[in-house]
Amino acid sequence: MSGYHLGLLVLLSFNVIAAYAVYLPLAAGQLNLGIAGFMVVGAYAASYLNNEMGWPVAGAIACGGALAAAVALLVAIPILRTHGIYLALATFALGQVIAAIFLNLEVVGGASGYPVTAHIGAVAVVGTAVGVIAFMALLSTTRFALYLTAVKSDPLVSDLMGINIRFIKVAAFTLGAAVAGVGGGLYAHYFNYIEAQYFSVMLSVYTVLYVLLGGTQTVWGPLVGAVIFTLMPELLRASAQWRYALFAIFIILFMAARPQGLITAGVGGYLRKRFSREAV
Amino acid sequence: MGAPFLSVKGLSKSFGGLSVIRDLSFDVMKGTSTALIGPNGAGKTTVFNLVSGVYDVSAGSIALDGTDVTAMPSRKRIQAGIARSFQNIRLMQHLTVLDNLLVGQHVSASGLVDLLQPFRLIPNHRWIRDAMQELEECGLQKYAHERISSLPYGIRKRIDLVRATLAQSSLLMLDEPAAGLNATETEELKLHLDLLKSRGVTLLVIEHDMHFVSAICGHVVVLNFGEKIAEGSFAEVQTDAKVREAYLGTEDAA
Amino acid sequence: MIAQQVINGLMLGGIYVLIAVAFTLAIGVLNFLNFSIPGTFMIGGMLSWAMLKVGWHWTFAFSAALLCAAFVGLLVYWLTYRPAKNSDPEVPLVSSLGFLVLVENIAIIYLGSDQQSFPQVLADFNMRIGPVVIGGAQLISLVVSLGVVFGLSIFLKKSNAGRRIRAIAENRDTAALLGVNVGRLVPQLFVFNALFTALGGILFAISYLQVSPFMGENLGFKGVSAMIIGGMGSIWGAIIGGLLIGLVEVLSIQSLGSDFVNICVYGLLLVLLIVRPEGLLGKPAARDKL
């Protein structure tokens, strides 16, 4: 595989991981505009553990994910008392605060960035992405996944059916943050350098946009969204700015005409029947 | 006679300054079917919302089988045995019939292992079998994989009922189960309710169709402007002066 | 030199007020968190700069910017708000974010991504009041923005159109039933909002003499914070919120260094959203049981 194609695959892998990090809370109706903040936590935590404390890379990245999850859990309980746009704004503010904190943390380089010693190859990145997809696909066959959709569709009825809405939302939010943290840790060790400025709110915004483009009704939507977002500039041979501009136009038109995204439950139902078995 | 299964005492509810339910008391005996009737706006659905926990009570108490559930969070009430259907159906539009029923099963599958089992990968899983069985008993199994949004009103109404029964709860509250159904569908509904009664389920039904009420329910509570104005058998209530006045011009008594 | 910093904070706050008011109008009347507002703000600044660079007189340059912003505002109405009437509230929010991304990148493509210095349009003069120096342009900016906002507030309270707008805010369907021409009034609101924010961009440009394609992003998000702190849907709240954010920003730069600005501003926002989401003057948000 050529270097160019490999690079593209790696980029796709990062976008896929980010997509699923956003997808979990979004499936439960929570717009997380601060996902970049959790990536930052994972990135810096993993790098620090590896650089300064000599942890093996895999362990450091896993721990980065766990730490991101811990932060999420800590803020989830107060934040998830809000909902709708308040929640979106709270996550946005959280992302900004986290990024700003790391930007000022001199122990990890502050604004000048943080070099990371250990390197992981493309195989590890792509492999993790595949693992995330498999994990999400498995998760989609559980009651947990069903309840995410239920909580989004009709929280009143879900509550009356006995579902613990708070638990589902916190779990989705935390798990999403863990995935984001792992993605951040991978990023740090692949590029061997982190700068907090990269993990800006616009990164969260772009991720949310392509997940919504793919569709959140099924587990394949985020994958499709990530693929489109990653491959579109390559297919159009356009500059980075044009890619974002065209992507934005795409999103606007989609939200107007087909807000449920590309892959809806109807389309996904066919895929699901191939993938699982139901009693006749 | 025995202790009442559902006991509502001095129930009151106000929204801001607006008093919607005033000092309401009635009992429902175990295994019986009671109808809650009254003109539109009498507060019947509000009573359901109070008993199921959607609203907090402003005053009064609600007891189920001797246990006081007044302060119990809504989420726990289905576990305590209170299930309900909805006046406007409230099935999840984008999900299939089967998925809606699976959600309705939650109370009997609420552990952590239940939550995380990849049950859709397991052929002929118990949950799916149970849901399909309920559908078969009503002759609705062919709709199992249809999305709710694609189904006609009558079918959706019955699926809402099936969902409510999946919890196998002891008290089933039905909000206008016959509304909008044609004659055949209403007969099928009556059969379904007879089946439930034979299983020992206690029914509390809001209805406007008096033929239906007299066929299904042995006991009737009449509400008007948030207060109980009469209670008794259908025949007793039918001839009550206050009830006739409340309904004057809006209903013919059966 | 606290007094000077306070004044500087208020000056900056004046700009935030305009953005916060635009957001609060959109939320209050249309229940729509319009993230294209930072975009039209940027258009005000950047397009003015571009036209001035080409040699236009400032009246034409500013008009061009305002016109362009109005056009974008209409586009947002047609493509974001109108189709989304029956969708989740996140859909128009996301679509408006799309508009922000779009205008920002178009600006980068055609005008470059660098920060640009804005030519001196107003005569350079300062006022001294005691120990405090007030930049002329900034003062005009503050006066204009507060003036426009007060005017808006009076307009909404006293005029017929204002009453109709408030009716829409109460309940759009009822307003339509009562004869309010919602189909005409709402696009006018969008255009007005866009003009309003573009004006903010212009005022910022003449006060601080710099513009960049990212100015919308930078200031817009703080403007949203100002709106929330003041209380969604409340114009007075937006005024207080805007001035407060301006003060917090300037004072935290002074005492903690510019690095901590974001932490302070967004930290305040986060705490407020959790503890008192209705902000200082907003109505308490209907808290579901769930």
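**Close-up 1. B:Val8 faces B:Ile62 in β4 of chain B.** The model is predicted; local features need pLDDT of at least 70, side-chain atom pairs count only at pLDDT 80 or more, and totals for chains, interfaces and linings use all residues. Residues are numbered from 1 along each chain as its sequence is written, while chains are lettered from A and ligands numbered from 1 in the order in which they are written. Strand β1(B), residues 6-15, and strand β4(B), residues 59-64, pair antiparallel over 5 bridges. Strands pair here if DSSP finds at least two bridges between them. Strands (E, at least two residues) and helices (H or I, at least four) are DSSP runs, numbered from the N terminus.

**Close-up 2. A hairpin links β1(B) and β2(B).** The two strands run antiparallel and are joined by 7 bridges. β2(B) spans residues 18-28. B:Phe15 stands opposite B:Leu18 of β2(B). The hairpin has 2 residues between its strands, and B:Gly16 takes a positive phi near 60°.

**Close-up 3. Four strands of chain B form an open antiparallel sheet.** The order is β2-β1-β4-β5. β2 and β5 (67-68) are the edge strands, each pairing on one side only. β5(B) is joined to β4(B) by 2 bridges, and the two run antiparallel. B:Leu64 stands opposite B:Thr67 in β5(B). Helix α1(B), residues 44-52, packs on the sheet and touches β1, β2 and β4 of chain B. The direction of α1(B) makes about 70° with that of β2(B). Axes are lines fitted to C-alpha atoms, for helices over the stretch in contact; angles run from 0 to 180 degrees between N-to-C directions.

**Close-up 4. Chain B also has an open sheet of 6 strands with mixed pairing.** Its order is β6-β7-β8-β3-β9-β10. The edges are β6 (82-84) and β10 (227-232), each pairing on one side only. Neighbouring strands are turned by 20° against each other on average, direction ignored. Within this sheet, β3(B) (33-37) and β8(B) (202-206) run parallel, joined by 4 bridges. B:Ser33 stands opposite B:Leu203 in β8(B).

Close-up 5. B:Trp127, B:Ile128, B:Ala131 and B:Leu135 are buried. Buried means 20 or more other C-beta atoms within 10 Å of the residue's own, exposed 12 or fewer, with C-beta atoms placed from the backbone. The cover over the buried residues includes α3 and α6 (153-166) of chain B. B:Gly139, with a positive phi near 70°, follows the helix.

**Close-up 6. Chain A touches both chain B and chain C.** Contact means C-beta atoms, placed from the backbone, within 7 Å. 37 residues of chain C are in contact with 38 of chain A. α4(C) gives the most to the chain C side, with 14 residues. That side divides into 28 nonpolar, 7 polar and 2 charged residues. For chain B, 34 residues are in contact with 25 of chain A. The chain B side holds 16 nonpolar, 10 polar and 8 charged residues. Ala, Val, Leu, Ile, Met, Phe, Trp, Tyr, Cys and Pro count as nonpolar, Asp, Glu, Lys and Arg as charged, and the others, Gly among them, as polar.

How values were computed
Contact = placed C-beta atoms within 7 Å.
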